[in-house]
Amino acid sequence: MRRIKNILKGRLTILTRNLTICDKMAVLAITLLMHLPAFISCNTLSQYMDSEEFSGGTGNTSTLPLKITFNSLLHSAPLDIFTFNNDRLRKLDSYQHLDSFSGRETTISSRRGSRIVVAVANLQEAEIDAGKIFSYDDLINLRASLSGEDPEEPVMTAETVIDAGNETGCRMTLSPLLAEICVNSISCDFHSRPYKDARLENIRIYLTNVCSRYPLAGDTTVTPEELINCGGCRKEDSAGFRFPGTVCSRIEEGVGMNVVFPDIRLYCYPSNSGEESPGCPFTRLVIEGTINGETTYYPINVNRDEPESGHSGVFRNESYIYDITITRKGVDNPDTPVSKAEIGMEFSIKPWIERGYRTVTY
């Protein structure tokens, strides 16, 4: 008897000597299949390995160093750098993690060819599982959470495309996913009202309809997929936050004619859909207080009525700065926005610039 390997099942099959014509044809077919690799030339296999699907558009599978230069200085920051093939599948090419990186430059490894490079800084270890990232699409599906953000060391990302081999490195600008809403100054001018001598007391300032999850990579998301403080300040929504003052703060003193500079800074992720809807309300800055014992609210749509800004809504790495003069009582709930005419307001937008360390108390 002869023994022929069954390549379909991976075990040996015994064949007898008494073979029919059909049996002989079957044996011939199996024999051809067994030796098929011998009929495939090395050139054919090389062409497959050189294909875009296999190697991201390059036949050279050797690695080479790439220097990454950041425009901003990092201080003992966790840093993750991914490279992906810049083709249809966008598979992972290389990955590097540094527990504590300081400086502006580092070197990674990559194969030759067009590569998507993504850098992520200050992401907590529990929020990223590199072992589950096999492609650029896997990274897109990862989210940063507002509950884990440190406004002094925010999660920052940068993304670029590089032709590895023809380019020896690239420069990247890490920018925060967060947006900052700042109340720089506030005062009350009730001189033409029956309550002209009143002050705004028991003041809370907070954000509502806050986007609290945001992708680490990919195109800008315009519609929030998770909201907190919907329609009002809900303590339970931020109870587990690493920094509770992220979305709510207080002014301990009453505010009257004299201008107060509280330097209140609140934070959220981008939300810039074109139209407001029940499932996608606009992000609002709310000033809450009492006038002569009556609670009143001043909800302000963030960057929605400011044509000079050039765009509408909340975007990452922008600081929305308010100087507010309250001239009348507000509304009876925190979800009905007031206009600039109802409260005097100066507004400006600046890039989120790097600030020195400061003490934050809550």
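This is a predicted model: local features need pLDDT of at least 70, side-chain atom pairs count only at pLDDT 80 or more; totals for chains, interfaces and linings use all residues.
Residues are numbered from 1 along each chain as its sequence is written, and side-chain values rest on heavy atoms, with hydrogens and water left out.

Secondary-structure elements are DSSP runs numbered from the N terminus, with helices (H or I) of at least four residues and strands (E) of at least two, and two strands are taken as paired if DSSP finds at least two bridges between them. Strand β5 (residues 113-121) is mostly covered, with 8 of its 9 residues buried, where buried denotes under 20% relative accessible area, exposed over 50% and partly exposed the range in between, for a 1.4 Å probe and protein chains only. Strand β3 (residues 63-85) runs antiparallel to β5 and is joined to it by 7 bridges, with F84 finding its bridge partner in I116 of β5. Strand β7 (residues 156-164) also pairs with β5 in the antiparallel sense, over 9 bridges, and here V117 has T160 of β7 as its bridge partner.

An open sheet is formed by 4 strands in the order β15-β11-β17-β18, with antiparallel pairing. Strands β15 and β18 (294-301) stand at the edges with a single partner strand each, so one side of each is left without a neighbour in the sheet. Neighbouring strands of this sheet are turned by 15° against each other on average, direction ignored, the axes being lines fitted to C-alpha atoms (for helices over the stretch in contact) and angles running from 0 to 180 degrees between N-to-C directions. Within the sheet, strand β17 (residues 284-291) is joined to the antiparallel β18 by 8 bridges, and I291 has E294 of β18 as its bridge partner.

Rings of Phe, Tyr and Trp (its six-membered ring) are counted as a pair if their centres lie within 6.5 Å, planes under 30 degrees apart being stacked, over 60 edge-to-face and the rest tilted. By this rule the count comes to 8 aromatic pairs. One of them, formed by F70 and F101, is edge-to-face, at 6.3 Å centre to centre and 70° between the planes; it links F70 in strand β3 with F101 in strand β4 (residues 92-111), 31 residues apart, and both F70 and F101 are buried. Y320 and F347 form a stacked pair, at 6.3 Å centre to centre and 15° between the planes. Y320 lies in strand β19 (residues 318-326) and F347 in strand β20 (residues 343-351), so this pair ties together parts that are 27 residues apart in sequence. Y320 is buried at a relative accessible area of 0%, and F347 counts as buried at 15%. One aromatic cluster is formed by F82, F84, Y95 and Y136.

The loop between β14 (227-228) and β15 (248-251) holds N229, which counts as buried at 0% relative accessibility. The N229 side chain reaches the backbone oxygen of L207 at 2.9 Å and the backbone nitrogen of R234 at 3.0 Å. With neighbours within four places in sequence left aside, N229 is in contact (heavy atoms within 4.5 Å) with residues including T208, D237 and V247.

Methods. A polar contact is a pair of N or O atoms within 3.5 Å; within protein, one must be able to donate a hydrogen and the other to accept it, and residues adjacent in sequence count only if both atoms are side-chain atoms.
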